[in-house]
Structures are given as C-alpha cells and as structure tokens.
Amino acid sequence: MNAAVRLPGRFSRHALLIATAAVPLTGWAAHAVTLHKRLAATRKDPLTGLLRRDAYTARARRLLARHGDNTTVIMIDADRFKQINDSLGHAAGDAVLAAFGTRLTAWAGPRAAAGRLGGDEFAVVLELAADRRELRLEQLVRMLHTPVTLDDGRTIDVAASVGAAAPDVLGTRDLTALQRAADTALYDGKHSGRAVLATKETATVPSINGRRAGRPGTAAWGRAA
C-alpha cells in the first residue's frame with residue numbers, strides 16, 4: 001500500500017525538487033505535475049511571466065559563460081509608467097506590464113534569460129551576435145512602442161527606453177558590469193525612441209549600486225559600485 005504523501009504548506013525550491021523526484025512515475029503523475037508547476041511559480045513573476053531576479057541572474061550568467069562574445073545584455077524601462085498608473089489606474093498599469101512581459105518573451109525566445117527586476121524594469125540576456133544587434137534591437141523598440149489594448153477596448157500609448165551592452169565591445173563577461181553599462185546606455189537614450197549600445201566610455205560613467213549616478217532614485221542608495 002502506498003503511504004500518503006504529506007507536503008508542507010510552504011515549499012522551498014529544494015524541498016519541491018526532492019518531493020517531485022520521490023513521486024512514483026505511475027499512480028502519482030498528477031501530483032508530480034502539480035509540484036513542477038509550483039516549482040516553476042517560484043521562479044517566475046506571476047504578472048508578466050518573466051523570470052524573477054534570482055532565476056534570471058542564474059540563467060543570464062550561464063548564457064554569458066557559454067556564448068561569450070555572441071551575447072547581448074539588455075536593460076528596459078517602461079517610459080512614463082507612473083503617469084499611466086496615476087491617470088488610468090493600477091489595473092491599466094498591470095496590463096501594460098503584462099503586455100511588456102509577453103512581448104519580451106516573444107522577442108527573446110525560449111533560450112534567453114528574460115526577467116522582471118522590479119516595478120517597470122526588465123532585463124534580457126540572449127545569444128545575439130554583433131552583425132544582428134542593430135536590427136534586432138530596432139525590432140524590440142518597435143514592439144515595445146506598440147499600443148496596449150485593455151479588456152474594455154481602450155488603447156494606451158506605451159513606450160520604453162532600451163540600453164544594451166555586449167562582451168565583445170566592453171571586454172568583459174561579468175553580468176553586473178554589463179548590466180551597469182547597459183543601464184547607463186539606457187539612461188543616455190531615455191525617451192529617445194531608440195536603443196543605445198554601450199561603449200567603453202559608457203562603462204566609465206560613475207554608478208551607484210549598479211545604476212548611473214544622477215539617475216532618479218540613486219542619490220541615497222549608498223556608495224558607488
């Protein structure tokens with residue numbers, strides 16, 4: 001007789017993996033599926049479907065280690081997002097974030113690391129060689145500037161600022177350094193409607209906790225990174 005499986009109310013990732021592996025392949029398939037779904041839910045942001053920060057970081061570092069100079073790190077900020085929330089409500093803001101998550105997933109593909117870092121900030125790391133960067137980044141900007149249609153039929157004009165950094169340009173595969181440079185490039189092109197690729201000069205701009213010094217919200221964030 002099979003003993004009843006008792007599972008704790010809250011699951012750690014490690015506990016979920018152990019429990020899933022212990023479930024027999026026959027007779028308990030439904031339980032295994034449920035456990036896998038709960039494990040996936042701990043890795044993904046429920047609103048956008050993108051990876052949470054920790055899961056994104058782990059996958060991004062693997063991609064950088066594996067593909068090196070053929071990768072690109074991209075930072076994205078939704079433009080005027082607070083204005084959308086204030087004027088149309090948080091439900092509309094959530095719809096915009098969900099739409100951005102869907103668009104980033106479609107653009108980056110299943111092998112990329114696409115994450116929501118918090119609020120209206122996103123990041124993508126993917127295999128993208130130098131000869132395709134400009135065209136693909138232009139495509140991304142167009143996708144993120146396509147109006148979002150709400151459930152009630154209203155449309156919202158949206159936009160996003162995009163900054164990118166590449167190991168072959170900056171001479172490093174360090175994710176933190178590349179994100180810092182991409183964020184600085186994003187800030188340089190804020191509200192311009194174009195993606196900006198970081199240069200070696202971009203990487204020398206002072207930063208605070210990985211964000212460009214002088215960017216809103218960095219004044220009280222502590223010492224420079």
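In this predicted model, the axes of α5 and α6 come within 10 Å of each other and cross at roughly 155°. Because angles over 145 degrees count as roughly antiparallel, that crossing makes α5 roughly antiparallel to α6. The points below look at this helix pair and then at the nonpolar cores.

**The pair α5 and α6**

- Two packed helices are described by the angle between their axes and the distance between the axes.
- The crossing in which α5 passes α6 is right-handed.
- On the side of α5, the contact is made by Phe100, Arg103, Leu104, Ala106 and Trp107, while α6 brings Arg136, Leu137, Gln139, Leu140, Met143 and Leu144 to it.
- Sorted by kind, the residues of the contact of α5 with α6 are eight nonpolar, one polar and two charged.

**The largest nonpolar core**

- In soluble globular proteins, nonpolar side chains tend to be buried together.
- The largest nonpolar core here has 31 residues, and Ile74, Ile76, Phe100 and Val124 are those with the most contacts inside it.
- Two or more residues of this core come from each of β1 (71-78), α4 (81-88), α5 (90-108), β3 (121-127), α6 (130-144) and β6 (160-165).
- The element that gives the most to this core is α5, with eight residues.

**Ile74 and its contacts**

- When its neighbours within four places in sequence are left aside, Ile74 is in contact with Trp107, Phe122, Ala123, Val124, Leu126, Leu137, Leu140, Val162, Gly163 and Ala164.

**Another core**

Note on methods
Residues numbered from 1 in each chain as written. Predicted model: local features only at pLDDT ≥ 70, side-chain atom pairs only at ≥ 80, totals over all residues. Heavy atoms only, no water. Core = buried A, V, L, I, M, F, W, Y, C linked by side-chain atoms within 4.5 Å. Buried < 20%, exposed > 50% of the residue type's maximum accessible area, 1.4 Å probe, protein only. Helix = DSSP H or I, 4+ residues; strand = E, 2+ residues; numbered from the N terminus. Contact = heavy atoms within 4.5 Å. Axes fitted to C-alpha atoms, helices over the stretch in contact; angles between N-to-C directions. Parallel < 35°, antiparallel > 145°, perpendicular 65-115°, else oblique. Left-handed = near helix turned anticlockwise from the far one by under 90°. Nonpolar A, V, L, I, M, F, W, Y, C, P; charged D, E, K, R; others polar.
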